[in-house]
Amino acid sequence: MLDGVIEPGEPHLQMIYSKVLLVNDLVDDLFELSKLEASKAAFQFSEYPLEQLLDLMKSRFELEATDRGYRFSVEDFQENIPRNRYVSISMDLKRIEQVMDNFVNNAFRYTPPGGIIKIHGEIHSDGLFELGEEQLLLVGSLPCKVTFKVSDSGQGIDEESLPYVFDRFYRAIKAKNSTTPGTGLGLAIAKEIVQQHDGHIGVQSVKNQGCTFYFTLPAMLIQEQA
Ligand code: ATP
Ligand code: MG
């Protein structure tokens, strides 16, 4: 356009504009990732009951997922918690929401509408669930671990790509060869956030059968006051 070779017009301006947005996102993501890696990002930890987090995920994603034509559900996985106890997790809520956003947005991106997207999980507590009621009354708060999972029925991830999806800029073969937008930084950022919570992040996938992204956080099983 500057050289007078191309007529200034909307299609080209639109193309330039979308590139500008992409570069802008890239700069923001890179800046955030380098702050996280240098442990310079400030985290605001507070306690949240698991119940509240599950409600939050439902209200955050359900409408968009169903509007976009997915079969979406948030499963309640608290059934094996002993009576008079609840799970509380210490986290920076905004950051953990960011991890969830990336998981769910990836599920949207790599699953055709009509597919299934499910948020589910597990609570792990060494031996606690086997204790009898009386023994349980004697112990106060107990440490446990909570795993949040996002499963989809999309294209899945090929085996060769699986170990690398959390690396910065990595995009699996299928994503790289498609027109799907993305910079490949989302999961690298998610990994840093989870690690700053002393957690663990991972993925499981069977070719062409979708995938499950998960993260595990330390938590407490709190005894409710009478
Ligand atoms: P962005 O930086 O915008 O998040 P992105 O989504 O491409 O870009 P990541 O979120 O880091 O980047 O994901 C990295 C790669 O992992 C993706 O490019 C894709 O190849 C693969 N991937 C992630 N989630 C899924 C999924 N649910 N199904 C299939 N492939 C996935
Ligand atoms: Mg992403």
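Trainee: Does Asn 106 count as buried or exposed?
Mentor: This is a predicted model, in which local features need pLDDT of at least 70 and side-chain atom pairs count only at pLDDT 80 or more, while totals for chains, interfaces and linings use all residues. Residues are numbered from 1 along each chain as its sequence is written, chains are lettered from A and ligands numbered from 1 in the order in which they are written, and side-chain values use heavy atoms, with hydrogens and water left out. Because the term buried means under 20% relative accessible area, with exposed over 50% and partly exposed in between (1.4 Å probe, protein chains only), Asn 106, at 14% relative accessibility, counts as buried.

Trainee: Which residues coordinate the magnesium ion (ligand 2)?
Mentor: Donors are N, O and S atoms within 2.8 Å of the metal (3.2 Å for Na, K and Ca), and water is not among the atoms, so sites may look incomplete. At 2.2 to 2.8 Å, the ion is coordinated through ND2 and OD1, respectively, of Asn 102 and Asn 106.

Trainee: At what angle do helix 3 and helix 6 pack?
Mentor: Axes are lines fitted to C-alpha atoms, for helices over the stretch in contact, and angles run from 0 to 180 degrees between N-to-C directions. The axes of helix 3 and helix 6 (residues 186-196) are 9 Å apart, and the helices pack at an angle of about 145°.

Trainee: How many residues of the contact of helix 3 with helix 6 are nonpolar?
Mentor: In this contact, with heavy atoms within 4.5 Å, residues including Asn 102, Phe 103 and Asn 106 in helix 3 meet residues of helix 6, among them Ile 189 and Ile 193. Ala, Val, Leu, Ile, Met, Phe, Trp, Tyr, Cys and Pro count as nonpolar, Asp, Glu, Lys and Arg as charged, and the others, Gly among them, as polar. Beside 4 polar and 1 charged, the number of nonpolar residues is 8.

Trainee: Which residues does Glu 97 touch, not counting residues up to four places away in sequence?
Mentor: Glu 97 has its place in helix 3 (residues 93-110) and is buried, with a relative accessible area of 12%. With those sequence neighbours left out, Glu 97 touches Leu 56 and Arg 60.

Technical notes: Helices (H or I, at least four residues) and strands (E, at least two) are DSSP runs, numbered from the N terminus.
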